[in-house]
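Dear colleague,

I am handing over the structure we spoke about, and my notes on its nonpolar core and its aromatic rings follow below. Please keep it open while you read.

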Amino acid sequence: MNSECREQMNRKSAGVNGGGLSRRSLFKGAAAATAALGAASLVGCGPKGDERQVSGEPQVITDDSKIVNVTEEFKSIDNPLAVQSTWDLPLGTVPFHSEGAWAALLEAPSSARSVNTLGIMSLSSGARTTLISQPTKGGAYGFHDVCCGETVYAWIEMNYSEASWTLLAQELRNGALVGEAVELDHGNSDWEPARFTVAGGHVIWQKMPLASGSKRAEFSHCYSWAFGDAKAKDLYESQGRFATWPRASGGYLTIAPRVNTEEGTFYGITALDLDGGKMVDQLVMPQNVSPFEAVYMNGTFAFSVEANYGYGGSLGNMGTFIGREGGPFVHLSREPLACVAGKGSRYLIKARSSHFVVDVEGQTYAILPAPDKATDYGDYPASVGETDRFVTFATVRGDNGLPAAVQLRVFPLA
């Protein structure tokens, strides 16, 4: 499993428990949800050209009426999603779906000649192809992470003995690599392996010093590059490490840099226009509260907090939130395990072995169960942010009760 999945599945909750949320009337909750997700306003051009206003003030929410608790105030319904396709992949395979009809694969081949290989899979036909069987940097390196879009394939090769890494990209056409690989960035043991994503032919990554390394005082940067660019564009500089992975969705990039640094430790969940890099929205978390995941969808933020901090108001409580500066916020009070995906008013939120399907317009929620014989964590989302296809994967047991395959499922989202 790649670094991101290991990090997400192994990070532990910290701090003391916060207070619970009181229940309000369904009418008040429904009105708050509609206001939270229907309003649109930012400095500059936001989604659909709206004029939006962002104060940059930390969002310490103490008014209980601004929190809409999904399991208390939304109606529980039957799961509305149907599986379109199901395929079994070799045990140990990890798929990553960023956009379109392709998923990148971090493969675990049975051959002892390679620890892993990189591949691709058509989400229409299920056809799989191994694209890169050996690291380009030589035998001392292994494949660490991978991602692909419709036209670009990106990956990290890492020398684990030296903790050095290289980020590479290559053009992708109809599921096949074209031309030569291009080195985008590299780092040694002082720099964390780049956290990256792809969208619209761009590769976007964060370069950050390790918190305990000799470069820990260096600034962190978020870069973007596309084929034809002479060099990468420096999209954002953070005086400190970014809190979340870069997430691209619907033409926007979401990052969580340090902000208000002269006043303390604050993270600003920030949406940038992928075309020009202009900020279109921002939500500043309470002091010392670090978001776990964040993505800009449907003109609002879907973000999560993995611990009960015991301070910072309601946004210091564990769970997943949907909303923007000023609130209100729709809140699912479950331990977050992955980034939110979905389409329109429907959000898919990973929780334990299943997914919550939350419809903020219909004010309903449902449970999308894991496949039969899935292991403890159930199915994990391969998709992130706005998508026409929600892709999940789960390790499933064979008839003997032992892990036998990775089952990938595709759910069309209308």
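Are Phe-303 and Phe-321 buried or exposed? Both of these residues are buried, and please bear in mind throughout that the model is predicted. Their ring centres lie 5.5 Å apart with the planes at 20 degrees, and because planes under 30 degrees apart count as stacked, the pair is a stacked one. It joins distant parts of the chain, since Phe-303 belongs to strand E24 (residues 300-305) and Phe-321 to strand E25 (residues 319-323), 18 residues apart.

Across the whole structure, a search finds 11 aromatic pairs. Tyr-252 is buried at a relative accessible area of 18%, and Tyr-296 counts as buried at 1%. Together with Phe-301, these two tyrosines form one aromatic cluster.

A ring also takes part in a contact of another kind: the charged end of Lys-207 sits over the ring of Trp-191, 5.3 Å from its centre.

As for the largest nonpolar core, it holds 29 residues, and those touching the most other members include Leu-106, Val-146 and Trp-155. Strand E7 (residues 102-107) supplies the largest share of this core, 5 residues. Leaving aside residues up to four places away in sequence, Val-146 touches residues including Phe-96, Leu-118, Tyr-153 and Phe-196.

With best wishes

Note on methods. Residues are numbered from 1 along each chain as its sequence is written. This is a predicted model: local features need pLDDT of at least 70, side-chain atom pairs count only at pLDDT 80 or more; totals for chains, interfaces and linings use all residues. Side-chain values use heavy atoms; hydrogens and water are left out. A nonpolar core is a set of buried Ala, Val, Leu, Ile, Met, Phe, Trp, Tyr and Cys residues joined through side-chain atoms within 4.5 Å. Buried means under 20% relative accessible area, exposed over 50%, partly exposed in between (1.4 Å probe, protein chains only). Helices (H or I, at least four residues) and strands (E, at least two) are DSSP runs, numbered from the N terminus. Contact means heavy atoms within 4.5 Å. Rings of Phe, Tyr and Trp (its six-membered ring) pair if their centres lie within 6.5 Å; planes under 30 degrees apart count as stacked, over 60 as edge-to-face and the rest as tilted. A charge sits over a ring if NZ of Lys or CZ of Arg is within 6 Å of the ring centre and within 35 degrees of the ring normal.
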